[in-house]
Amino acid sequence: MALSKLATSRKGLLFILPALVIVCFIFLNPIFRMFIFSVEHWKYLRPTGFNGFANYLALLGDRHFYETLGNNGIIIAGVVPCVIVISLTFAQAIFGRMPGYSVYTFLFFIPVVMPDIVVAKILTEVLNKVGPLNQFFNLFGLGYLDRDWLGAPGFSLFSIIASLIWKNIGFALLLFLARLTTVDVAIYEAAEIDGASGSQKYFFITIPMLASTISVYVVLQVIGLMSFLFSYIHVMTAGGPGYSSTVLEYFIYLNTFRLQEIGIGSAAGMILIVITMIVVWNYLFASRKRSRKAGEAQ
Amino acid sequence: MGRKRKLTIGGMLLQIPFLLYSATIVAFCLLLVATPFRSTDDLARGILVRPNSFTLTNFADSWRNGLGTGVSNSMKLSVLTCLFTALLGGFAGYAFSFLRFRLRQGLYVFMYCGIYISTMLIALPLFLQYRQLGLVNSIFGALLIFIGLRLPFSVYLFKNFFDEFQIELIEAARIDGLSDMGIFFRIVTPLSVGVFSTVVLFNFTAVWSDYLIGLLFLQKQRLMTVMPMIMNIFGSGPMVTQATPLGQGFAGLLVSTLPVIIIYAIAKKHYVSGLMLGSVKS
């Protein structure tokens, strides 16, 4: 990009300064503090001195911590592939202008824009032991399915996964659809002339075209499922029963704000940061490599 | 592809998953819309049974029990956050795209990382710090957090948009002697209404839908934001008993959903362009 020489060094910094100061105060400052907290011994919301890595060791010896990490893994493994498969199918059909496609695209995005609390609260009602879902099952002779979806161990996490899939389909769908509309129709026409079948076009044109978008989606969703689930967990199950639906983010909340184990909670926080940064770093690295490759190809 | 519409068996089978998923969304919306209009006695029979009452008292009660306060606080915070993030994020995006300065790349990556940091991570250290500074239970304190939380994504959208901008326009304005401030307000802003709308849209929705920050930093009844207020009206706690004023809580849910859905219906294309700017392109 040709940049004017008139643009001096100081002017650029002045333009970003207000944003930079606020971002440093809201992100860098607390994260730095959290690191300090994580190597201190805490008693009743007060630090009582440096204690090295004791908090981290305590964390590594806590089986609830492993259960929590496992739950994170289960949520990611449950939500991401399901959403991808469903939204890819939907996107392909909507892109092909199936009857009713405009109504569907409007409807499917409603769960995405709904505030998390609204979705979480209504689904809590729906999944209630005496709620509509169980009433529905009983009405249609499926009484054996009647159970406490959010209160029974083994089902609470499953219910959260199902709720997240339900809410997130629209986002992935729109992402894939947006990418599909930028694909050159000529490629499909050429394939048709060569006698490619519908499924061949799907697997040899659509999927490869969408590969980079899918990987973007996976990163966004993995981060989202690691770091932005508080509303759901807090409203639907509060991490329970026991720790059976606690995720790392909620584990931090429980330890810091509920159990007042600031040191342990902060150590868990540092682990979440490291995981997040590894994912983001890989993603940035991969996308830079991809754009360099695209640059070479041109 | 898809220019001919043929009714095939495959095409009809394909409608099944679409109809099923649509049915769940419609049912969800019906539940959201119908429940607050039903009386408490009616709701005690269960929320799936056919309604036999119609009442507006839930809205009045809910509004009086704090929903009104929550809506006005959230509205204030959302609008102010949009204003500041549009202005400061716009400046920063402008600098990252059009100006050259030391550490440009590094500072950009630093800000970019903020998009992915969990709010939970900053919540506790900031809370303890805010308590020392006397900023807990202050609208200003919460506003600062919201602006900070929303800036990285805003800067990211602005930068991506401005990168596609015609650099010749900027160069020409510079030769004509316009300052960078002048270029930003007179040349760039009028040509970037789209990205400003997108930023406002995403930030408004995010602040409006926030739960965690409101829950922790605005705990006084008169300062609470809309989502924590609704949970308060429900009587909070994950497990709802029959005693909870379900109608009032649902009135809150419906009222708090309306702005978001209205904005979505009006500005759907900005959502899409935001997604394009935000993820597809990179």
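**Chain B and its interface with chain A**

Along the sequence, chain B reads α-α-α-α-α-α-α-α-α-α-α-α-α. The model is predicted: local features need pLDDT of at least 70, side-chain atom pairs count only at pLDDT 80 or more, and totals for chains, interfaces and linings use all residues. Residues are numbered from 1 along each chain as its sequence is written, while chains are lettered from A and ligands numbered from 1 in the order in which they are written.

Chain B contains 13 helices and zero strands. Both are DSSP runs numbered from the N terminus (helices: H or I, at least four residues; strands: E, at least two). The C-alpha atoms occupy a box of roughly 75 × 65 × 30 Å along the principal axes. Of the 282 residues in chain B, 43% are buried. Buried means that 20 or more other C-beta atoms, placed from the backbone, lie within 10 Å of the residue's own. Among contacts in chain B with a separation of 6 or more, 76% join residues 24 or more positions apart. A contact requires C-beta atoms, placed from the backbone, within 7 Å.

The interface pairs 80 residues of chain B with 84 residues of chain A. Helix H1 (residues 9-34) of chain B supplies the largest share of the chain B side, 11 residues. That side comprises 57 nonpolar, 16 polar and seven charged residues. Nonpolar covers Ala, Val, Leu, Ile, Met, Phe, Trp, Tyr, Cys and Pro; charged covers Asp, Glu, Lys and Arg; the others, Gly among them, are polar.

B:Thr35 lies in the loop between H1 and helix H2 (40-44) of chain B. B:Thr35 counts as buried because it has 22 C-beta neighbours inside 10 Å. B:Asn58 is 23 residues away from B:Thr35 in sequence, with a C-alpha to C-alpha distance of 9.6 Å.

Terms used
Contact = placed C-beta atoms within 7 Å. Buried ≥ 20, exposed ≤ 12 C-beta atoms within 10 Å, placed from the backbone.
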